[in-house]
Amino acid sequence: SVDEILAAMIAREKIAPPACAAGGRAKDGRKNGMDCIFCKILRGEIPSKKVYEDDEIYAFYDIEPKAPVHILVIPKVHLSGASAVSDENSGVVARIFEAIPKIAAGLGLSDYRIVTNNGPDAGQTVSHLHFHVLAGGKLGEMA
Ligand code: AMP
Ligand code: ZN
């Protein structure tokens, strides 16, 4: 059935769970997008300043910029982070890396840094895959 196919796709993190899904956890106990702040941004439940959007990805300004220009680029599908990228969902990462040069060019940026933090020790605070695009001046060293 459609429900079974959807459940299987959600379990594989291929698609975000529907906004009307009850509770905050999938049947297998895995976190889904219900209590994820970036999924809330995607659903319009938390405001954001949009930079770019297409069918698969969304880009918006970071609320606490760490550089003169600080944009976050996220997949519309809820993936917990870089470690959740697989052969089944990596297409969206390619889409993100296609969009970033266009977004940057649109903002007149030639030089920028793309960063993703995976896991708390690496500084990941939001468990929804996101790429920081940092620009707008001479950036500091990496880590
Ligand atoms: P990370 O620490 O790598 O997980 O990055 C999470 C980023 O999300 C941080 O740079 C935060 O400033 C940013 N952030 C958190 N909440 C919001 C929000 N509501 N709107 C925009 N950016 C946010
Ligand atoms: Zn999410």
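The model is predicted: local features need pLDDT of at least 70, side-chain atom pairs count only at pLDDT 80 or more, and totals for chains, interfaces and linings use all residues. Residues are numbered from 1 along each chain as its sequence is written, chains are lettered from A and ligands numbered from 1 in the order in which they are written, and side-chain values use heavy atoms, with hydrogens and water left out.

The protein chain holds 3 helices and 5 strands. Helices (H or I, at least four residues) and strands (E, at least two) are DSSP runs, numbered from the N terminus. Read from the N terminus, the order of elements is α-α-β-β-β-α-β-β. The chain has 143 residues, and 34% of them count as buried. Buried means under 20% relative accessible area, exposed means over 50%, and partly exposed lies in between (1.4 Å probe, protein chains only).

The shell around ligand 1 counts 18 residues. A residue is near a molecule or strand if one of its heavy atoms lies within 4 Å of it. Asp62, Asn117, Gly123, Thr125 and His132 come nearest. By class, the shell divides into 8 nonpolar, 7 polar and 3 charged residues. Here Ala, Val, Leu, Ile, Met, Phe, Trp, Tyr, Cys and Pro count as nonpolar, Asp, Glu, Lys and Arg as charged, and the others, Gly among them, as polar. Helix H2 (37–42), strand E2 (57–61) and strand E3 (69–75) each supply at least two shell residues. H2 gives the most, with 3 residues.

Polar contacts to ligand 1 involve both backbone and side chain. A polar contact is a pair of N or O atoms within 3.5 Å; within protein, one must be able to donate a hydrogen and the other to accept it, and residues adjacent in sequence count only if both atoms are side-chain atoms. A backbone N or O atom of Gly123 lies 2.8 Å from an oxygen atom of the ligand. At Thr125, a polar backbone atom is 2.7 Å from a ligand oxygen. His132 uses a polar side-chain atom, 2.8 Å from an oxygen atom of ligand 1. Taken alone, ligand 1 exposes 500 Å², and the protein buries 87% of that. Accessible areas come from the Shrake-Rupley method with a 1.4 Å probe; for residues, only the protein chains shown count as cover.

The loop between strand E4 (112–115) and strand E5 (131–135) contains Gln124. Gln124 counts as buried because its relative accessibility is 12%. Its side chain reaches the backbone oxygen of Ser80 at 2.9 Å. The Gln124 side chain also reaches the backbone oxygen of Val126, at 3.0 Å. His130 belongs to the loop between E4 and E5. With 5% relative accessibility, His130 is buried. The His130 side chain reaches the backbone oxygen of His128 at 2.6 Å.

Ser127 is placed in the loop between E4 and E5. At 38% relative accessibility, Ser127 is partly exposed. Ser127 and Gly81 are 46 residues apart in sequence, yet 6.1 Å apart in space, C-alpha to C-alpha. Thr116 lies in the loop between E4 and E5 and is partly exposed at 30%. Thr116 and Phe131 are separated by 15 residues in sequence and by 4.9 Å between C-alpha atoms.

Leu42 is part of helix H2. Its relative accessible area is 27%, so Leu42 is partly exposed. Leu42 and Val77 are 35 residues apart in sequence and 9.5 Å apart in space, C-alpha to C-alpha.
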